[in-house]
Number of protein chains: 2
Amino acid sequence: MVAKPKLRYFDARGTGEPIRYVLEYANIEYEDERISMEDFVNIKPTLPFGSLPVLEINGKVINQSTAICRYFAKRAGLAGGDDFEALQIDAVADSIVDLRIAFTNYCWRTPEAQKPSSYETLKKENIPVYLSQFEKILKENNGHFVNGKLSYADLLFAGTVEYFNNIIKFDITEGFPLVKALVEKVHNIPRIKAWIARRPQTFL
Amino acid sequence: MVAKPKLRYFDARGTGEPIRYVLEYANIEYEDERISMEDFVNIKPTLPFGSLPVLEINGKVINQSTAICRYFAKRAGLAGGDDFEALQIDAVADSIVDLRIAFTNYCWRTPEAQKPSSYETLKKENIPVYLSQFEKILKENNGHFVNGKLSYADLLFAGTVEYFNNIIKFDITEGFPLVKALVEKVHNIPRIKAWIARRPQTFL
């Protein structure tokens with residue numbers, strides 16, 4: 001018997017949630033361990049690179065949210081039908097992550113005094129640049145990020161949009177109808193919808 | 001006849017060089033277009049997400065350095081023999097990218113007044129945390145990042161180490177003998193060695 005994979009993350013959506021979306025979509029049994037900030041301080045020295053999420057699987061501890069998403073996405077047919085499709089999916093996924101890094105830098109790494117100007121940069125530069133590009137890609141690909149088909153890039157975006165909106169305090173998909181529609185489409189997939197209905201309610 | 005893929009990047013190593021390492025290793029013919037800062041300003045609005053590198057291939061323009069590395073790595077057998085090996089390679093690759101982001105933030109996004117303290121953080125926190133973790137992984141994997149076999153994660157690290165060292169002004173592999181040996185091993189692969197000998201000499 002193969003042990004269930006264990007996802008270890010904070011009691012939060014954050015960078016763990018896209019992995020949970022893929023696992024739920026793929027109907028893979030897993031342990032969704034949620035670690036308090038108190039316990040995190042204790043286990044941090046034992047974690048690769050000192051951060052979460054990690055996946056415990058096959059006796060190994062693996063870090064990196066996007067890599068973990070891609071791994072389970074392959075099992076679910078969400079990582080591309082060939083190498084060129086996989087390339088396009090991976091490129092969109094890493095672009096979503098780039099936007100997430102801009103939000104994370106603003107939220108956790110920007111000194112208070114610079115926050116107002118950083119907020120403006122996010123609002124007036126990063127968000128319009130990324131969202132208009134996402135909108136364009138969705139237009140060229142029939143409402144999905146790649147080749148008109150559901151992929152883990154779609155789930156990654158939908159699983160991250162609450163994080164974006166919580167930080168910036170408005171809905172970043174406003175004015176980008178195809179992006180908005182993609183999020184709704186993903187959130188209406190029965191297994192994802194069921195997950196959202198039953199998942200722990202968390203602040204972030 | 002399939003057109004040669006074209007890599008468009010600055011006349012620099014930066015985030016383009018790991019792709020060139022993989023292309024050279026795989027012996028794939030490609031056009032290595034190098035764009036001046038002047039021309040970059042002109043083409044920026046036409047680039048996806050306004051940044052370089054991009055790959056022009058099969059009539060599409062694809063961004064994201066790591067995704068492009070992985071794509072060519074698959075052709076060269078450097079992206080894992082199965083999904084679990086691919087996961088481990090991808091996780092190390094994204095951890096190298098995380099360290100690169102810390103360097104890039106320091107170099108390009110930190111206000112001058114904060115640079116001295118950011119330099120100390122890089123030197124005393126990021127570098128020891130990442131390098132000691134890389135050293136540990138190499139020890140557990142017989143001198144490579146995954147399963148004792150060459151992978152694109154190895155090429156990504158070796159292709160980025162000059163970027164790290166140029167910014168921080170010392171050799172970050174000092175004190176990490178397995179990391180140092182990995183870089184030498186990659187740089188002694190005949191095709192990589194030949195590339196380094198004939199590549200354009202650039203400042204960055």
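A salt bridge here is a side-chain nitrogen of Lys or Arg within 4 Å of a carboxyl oxygen of Asp or Glu. By that rule, Asp11(A), Arg13(A), Glu17(A), Arg20(A), Asp32(A), Arg34(A), Glu162(A) and Arg199(A) are linked in a network of salt bridges.

This is a predicted model: local features need pLDDT of at least 70, side-chain atom pairs count only at pLDDT 80 or more, and totals for chains, interfaces and linings use all residues. Residues are numbered from 1 along each chain as its sequence is written, chains are lettered from A in the order in which they are written, and side-chain values use heavy atoms, without hydrogens and water.

**Salt bridges**

The whole structure holds 39 salt bridges over all chains. Two of them cross the interface of chain A and chain B. The table lists some pairs.

| Pair | N to O distance |
|---|---|
| Arg70(A) and Asp90(B) | 2.7 Å |
| Glu85(A) and Lys149(A) | 2.8 Å |
| Arg34(A) and Asp11(A) | 3.1 Å |
| Glu56(A) and Lys6(A) | 4.0 Å |

Glu56(A) lies in strand E3 and Lys6(A) in strand E1, so this pair ties together parts that are 50 residues apart in sequence. Strands are DSSP runs of E, at least two residues; helices are runs of H or I, at least four; both are numbered from the N terminus. Glu85(A) sits in helix H4 and Lys149(A) in the loop between H5 and H6, 64 residues apart. Glu85(A) is buried, at 9% relative accessible area. Lys149(A) is partly exposed, at 39%. Buried means under 20%, exposed over 50%, and partly exposed in between (1.4 Å probe, protein chains only).

**Helix H5**

Helix H5 of chain A covers residues 115-140. H5(A) bends by about 35° at Ile127(A), and Pro128(A) follows within four residues. The bend is the angle between axes fitted to the seven residues ending there and the seven starting there. The buried residues of H5(A) include Tyr119(A), Ile127(A) and Phe134(A). The buried residues pack against helices H4, H6, H7 and H8 of chain A.

**The two chains**

Contact means heavy atoms within 4.5 Å. The contact takes 37 residues from chain A and 37 residues from chain B. The area buried between them is about 3,000 Å², and carbon and sulfur atoms give 62% of it. Buried area is the accessible area (1.4 Å probe) lost on being put together, summed over both parts. In chain A, Phe49(A), Phe84(A) and Leu87(A) lose the most, together 24% of what that side buries.

Note on methods. The expected span of a helix is 1.5 Å times one less than its number of residues. Buried area is the accessible area (1.4 Å probe) that two parts lose on being put together, summed over both.
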